[in-house]
Amino acid sequence: MGEIADLLLSATFWAATLRIATPYILGTLGELVCERAGVLNLGIEGIMTLGALAGWMAVYQGAGLWTGVLVAALAGALLGLLHALLTVPLGLSQHVTGIGVTLLGTSLSYYVYRMALPQVSTPPTVEPFQPFAVPVLSDIPVIGPALFTQTPLTYAALAAVALVAWVLYRTPAGLAVRMVGENPAAAEAQGIDVTAVRVGAVVCGSALMAVGGAFLTLSAFNAFFFNMINGRGWICIALVVFASWRPGKALLGAVLFAAFDAFQLRLQQIVGPALPYQVFLMLPYLLSILALVVMSRRAAYPRALMIPFRKGERH
Amino acid sequence: MLFEPRAHPSAALRLLAPAGAVVAALALCAALIAWTGTGVGEAYALLFQGALGSRFALAETLTRATPLMLTGLAAAVAFRAKLWNIGAEGQLYAGALVAVILGGGMLDLPGWALLPAALLGGALAGSALLVGPTVLKTRLGVDEVVTTLLLNFIVLLFVSMMLEGPLKDPMGMGWPQSAPVLPEAELPRLLERSRLHAGLVLALVAAVALWIMNTRTTWGYEIKAVGANPAAAGFAGIPVNRVMLKVAVLSGGLAGLAGAAEIAGLRGYLTLDLSPGFGYSGIVVAMLAQLHPLGVIAASVFVAAVFVGADAMSRTVAVPNYIAEVLVAVSLLCVLVSSFLVRYRIRRSP
C-alpha cells in the first residue's frame with residue numbers, strides 16, 4: 001500500500017496523467033461542442049485518426065510543428081464539415097453518418113499513409129514538441145514538475161477548456177450554440193440561423209478532436225501507425241456524458257480517466273505477472289461503461305440532441 | 001434551396017438509388033487511384049476480375065460475404081428497432097470463442113451434437129453480449145452506442161487473454177491461437193477446391209427467415225412500430241422493452257453465429273485476426289441494403305467483392321488495398337445521400 005501512496009504523491013505520476021489526458025481533453029471538448037449544438041458526432045474516431053495523420057504528414061514533409069497542428073485542425077474541420085452537411089441540412093441519421101465518417105477518416109488515413117510510405121516496416125519519426133518548463137511555476141514542488149513541464153499542446157488543451165467554457169457561457173455565439181441544441185424552434189424564432197450555428201459548431205468541434213489526434217503523432221509517439229487512436233474517440237463520447245456536457249467537468253473526467261490509466265500502468269509493474277496484462281487494459285473500458293451507468297441516471301442531455309431540424313417543418 | 005418530401009417515391013427510384021450511389025462512390029475513388037499513377041479503368045477492371053472473374057474468385061467472394069451477411073443482418077434487425085448495436089465485432093468474437101470451446105470437445109458431447117452446440121452456443125454468446133447493453137438502455141437510459149462499442153474492446157482483450165492462457169494451443173508453436181475444433185464440429189464444404197462452406201446456406205436461410213418475419217409476423221410488425229415511434233408503440237400496447245430484448249437476442253445471435261460459422265466453416269481455430277472488421281462492415285452492409293434482409297444478401301456480396309477484388313488488384317498494381325475500405329466508406333455515405341434524394345426532391349428557394 002505504501003508503494004501506491006508514494007505513486008499517487010509523485011510528480012512523475014501526475015505529469016504522465018496530464019500527458020495521457022491531453023488527447024482525451026481535446027476530443028471530449030470537441031464532442032461536447034458538437035453535442036451542445038444538437039449533433040452527435042460518432043465520426044470522432046476517424047477525425048482523430050485523420051488529424052493524427054495530417055499533422056504528422058505535414059511535419060514529416062518539412063513543415064513546422066505548429067503548422068502541423070494547423071493542418072490537422074483543418075483536416076478535422078473538413079471531415080467535420082462533411083458530417084455536418086449530411087446531418088444538419090439533410091437531417092440524415094447521425095448514428096449512421098458518424099460511423100461512415102469514422103470509416104472514411106480511418107481508411108483514408110491508412111490509404112494516404114501507405115501511398116506516402118509504400119514499403120516501410122518501422123514507422124519513421126519526426127522531431128516532436130519538447131516539454132516546456134514554465135519559469136517560476138515549474139519550481140513549485142510536486143505540482144510544478146507535474147503541471148508546468150508539459151509539451152505546448154497540453155497547455156493548449158488546458159487553455160481550450162477555458163476558452164470553450166467562456167465561449168459557451170459568456171458570448172452570444174455560445175448562447176446560440178446552446179439554444180440550437182436545446183430548442184432549435186425557439187432559436188429560429190429569435191432570428192438565429194439554426195443550420196449555420198450547428199454546422200459551425202460541428203466544424204469547430206471536429207477541429208478540436210483532430211488536434212487531439214495530432215497530439216499523439218506530434219507530442220506523444222512521434223510517428224503515425226495503424227490503429228493508433230485505439231478507441232480514444234469512443235471513450236471521449238463516454239466522457240461527454242460523464243461531464244454532463246460541461247467543459248470543466250470534461251477536464252475533470254479526462255484527468256480522472258487518465259490518472260486511472262497511468263495508475264493501471266504502474267500497478268501492472270507492481271502486481272506483475274499475478275494477473276494477465278489484458279485485465280489491466282480492459283479496466284479503462286470497463287470504467288467508461290461504469291461511468292456511463294452512474295452518470296446516465298441524471299444525465300441532462302441537450303434536448304434536441306440527434307433530432308434533425310428543418311426550417312419551416314413542424315415537429 | 002428547399003427540400004420537399006416526395007409523397008410516393010417510385011419503386012424504380014428506390015431500386016436505382018443504391019446502384020447510383022455505388023457508381024458515384026466508384027467515380028469519387030477514381031481520384032485516389034489516379035494519384036497512384038495506375039489507370040482507373042485498368043484498376044477497376046482488375047478489381048472486378050479479382051472479385052468475380054473466375055470460379056476461384058467467385059468462391060472467395062462468397063466465402064467472404066458469409067460473415068458479412070450475418071453481421072449485416074444483425075445490424076439490419078437492430079437498426080430497424082432503432083437499437084444502435086455497434087458491437088457486432090465483439091459479439092462475433094464472443095460467438096467464435098464459445099464455438100471453439102464447444103466444438104473443441106471441452107464438454108463431453110456426442111459427436112453428432114458438436115456442430116449444433118458450437119453454432120447455437122456461439123449465437124447465444126453473441127445474444128448475451130447485446131442483452132446487457134440493451135437492459136442498461138431500457139432500464140437506466142444508458143446510450144447503447146457507446147456501451148456496445150466499448151464492449152468490442154473488452155471482448156477482444158478477453159479473447160486475447162484466453163488465447164494466451166487457458167485456450168492456448170500447446171501445438172501452436174507459441175502463437176496465441178486455440179486448438180482446432182474436432183472434425184465433427186466442422187461445417188461441410190459447398191464447393192470442391194474452394195473455401196466456400198455451408199455457413200453461406202445458414203446466412204441465406206437467416207436472411208429469408210428475417211424477411212418473412214418482417215413482412216408476415218406480429219414480431220416484425222412490433223419491431224417496426226417500436227423503431228418508428230417507441231412512445232406511440234407503447235401507447236398502442238406493444239411491450240417496448242420486451243420487443244427491444246427480442247431484437248437484442250436476434251441481433252447479437254446473428255453476429256455471434258457469424259463468428260461461430262467462421263470457426264466451424266473456415267478457420268477451425270481461433271486467432272485474434274479472425275475478423276478484419278466484419279462487425280463494422282456489417283453496419284455498412286445493412287445501410288447499403290436499406291435494412292432490407294434480402295438486400296443484405298446483395299450488399300454483402302458487393303462489399304465482399306470490393307475487399308476480395310482490391311486484394312487481388314493490389315497484388316498486380318501499386319494501389320494499396322486500403323482502397324477497399326475507402327470505397328466501402330464512400331459507398332455508405334453516397335447511399336445515405338441517395339436515400340435522402342429518394343425521400344426528398346430539391347427545389348430552388350421561392
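Which residues line the second largest cavity? In this predicted model, the lining consists of Leu73(B), Ala76(B), Val77(B), Arg80(B), Leu210(B), Asn214(B), Leu291(B) and Pro293(B). Two elements of chain B, helix H3 (55–80) and helix H7 (199–216), each give two or more residues to this lining. The largest share, 4 residues, comes from H3(B). By class, the lining of this second largest cavity has 6 nonpolar, 1 polar and 1 charged residues, and the space inside is about 30 Å³.

The count of cavities of 30 Å³ or more is 2. The largest cavity holds about 70 Å³ of space. Its lining draws on chain A, with Glu35(A), Leu40(A), Ile237(A), Val241(A), Trp245(A), Tyr301(A), Leu305(A) and Met306(A), and on chain B, with Asp143(B) and Val146(B). By class, this lining has 8 nonpolar, no polar and 2 charged residues.

The contact between the chains takes 46 residues from chain A and 46 residues from chain B. Together the chains bury about 4000 Å², with 83% of that area on carbon and sulfur atoms. Between chain B and chain A there are 0 salt bridges, and 5 residue pairs are in polar contact across the interface.

On the side of chain B that touches chain A, the elements giving two or more residues are helix H1 (11–35), helix H5 (111–140), helix H6 (144–164), helix H11 (278–288) and helix H13 (323–343). H6(B) gives the largest share of that side, 13 residues. Sorted by class, the side of chain B that touches chain A has 37 nonpolar, 5 polar and 4 charged residues.

Conventions:
Residues are numbered from 1 along each chain as its sequence is written. Chains are lettered from A and ligands numbered from 1 in the order in which they are written. This is a predicted model: local features need pLDDT of at least 70, side-chain atom pairs count only at pLDDT 80 or more; totals for chains, interfaces and linings use all residues. Side-chain values use heavy atoms; hydrogens and water are left out. Contact means heavy atoms within 4.5 Å. Buried area is the accessible area (1.4 Å probe) that two parts lose on being put together, summed over both. A salt bridge is a side-chain nitrogen of Lys or Arg within 4 Å of a carboxyl oxygen of Asp or Glu. A polar contact is a pair of N or O atoms within 3.5 Å; within protein, one must be able to donate a hydrogen and the other to accept it, and residues adjacent in sequence count only if both atoms are side-chain atoms. Ala, Val, Leu, Ile, Met, Phe, Trp, Tyr, Cys and Pro count as nonpolar, Asp, Glu, Lys and Arg as charged, and the others, Gly among them, as polar. On a 1 Å grid over the protein atoms alone, a cavity is a set of points where a 1.4 Å probe fits but cannot get out, and a pocket is an open set with protein on both sides within 12 Å along at least five of seven lines; lining residues have an atom within 4 Å of a point. Grid points are joined across faces, edges and corners, and a volume is the space filled by probe spheres set on the points.
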